[in-house]
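Me: I would like to learn how to read the inside of a protein model. Where should I start?

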Amino acid sequence: MLRRQRTDSLLNVLLWFLFFIAMTMKQAYGQSISSPEIHQIVQKCIKEEVHKMESFDCRLYTPTLADYKKCPRSTLACFTTEVKVLMLEYGKCSSSLHQKRLNRRLTELTSLTKQKEGANCPHCEVHREQAANDFLTTLLGILEWMNNQGSQ
């Protein structure tokens, strides 16, 4: 009986060790930091919210994929800031649940994203202003690109 307990304990430790190694390897070698949930939130905002926003003429600073490739953290920070603007502008006529979740996920994603030291990154206000639909579509495209990069 004592021998079986030792074997079970040893097996348990070994399994935890292998799990730890697998998680470390996945993180080190390209795990996507962009979760599927954030894609779903942006898609829901595009499908369910944009038609409500069309009556407003709100323009949002919209970084591009090229901006993300050069300055990932500042690009995501810009999107996060502009989502807050979107929440303020459309808060009364749209579901704030999607926008709050999007804001929270973008903030988390920004904090996990690294950027090269000394990168000459533009301020958010330098980017072109676009309508909410174009803004969200661009954000979705960048998130999908991030996901594809992480899975390669």
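This is a predicted model: local features need pLDDT of at least 70, side-chain atom pairs count only at pLDDT 80 or more; totals for chains, interfaces and linings use all residues.

Me: Which residues have the most contacts inside the largest nonpolar core?

Reply: The general idea: in soluble globular proteins, nonpolar side chains tend to be buried together. Here the largest nonpolar core has 23 residues, and those with the most contacts inside it are V42, L102, L106, L136, L139, L143 and M146.

Me: Which helices each supply at least two residues of this core?

Reply: Helix 2 (36–53), helix 4 (72–90), helix 5 (96–112) and helix 6 (132–151) do. Helix 6 gives the largest share, eight residues.

Me: How many aromatic pairs does the structure hold?

Reply: It holds two. One of them joins Y68 and W145, with 5.8 Å centre to centre and 75° between the planes. Planes over 60 degrees apart count as edge-to-face, and this pair is edge-to-face. Y68 lies in helix 3 (residues 65–70) and W145 in helix 6, so the pair ties together parts that are 77 residues apart in sequence.

Me: Are Y68 and W145 buried or partly exposed?

Reply: Y68 counts as buried, at 10% relative accessibility. W145, with a relative accessible area of 25%, is partly exposed.

Me: What about the rings of F79 and F135?

Reply: Their centres are 5.2 Å apart and their planes at 50°, so the pair is tilted. F79 belongs to helix 4 and F135 to helix 6, so parts 56 residues apart in sequence are tied together. F79 is buried, with a relative accessible area of 0%, and F135 counts as buried at 0% relative accessibility.

Key
Residues are numbered from 1 along each chain as its sequence is written. Side-chain values use heavy atoms; hydrogens and water are left out. A nonpolar core is a set of buried Ala, Val, Leu, Ile, Met, Phe, Trp, Tyr and Cys residues joined through side-chain atoms within 4.5 Å. Buried means under 20% relative accessible area, exposed over 50%, partly exposed in between (1.4 Å probe, protein chains only). Helices (H or I, at least four residues) and strands (E, at least two) are DSSP runs, numbered from the N terminus. Rings of Phe, Tyr and Trp (its six-membered ring) pair if their centres lie within 6.5 Å; planes under 30 degrees apart count as stacked, over 60 as edge-to-face and the rest as tilted.
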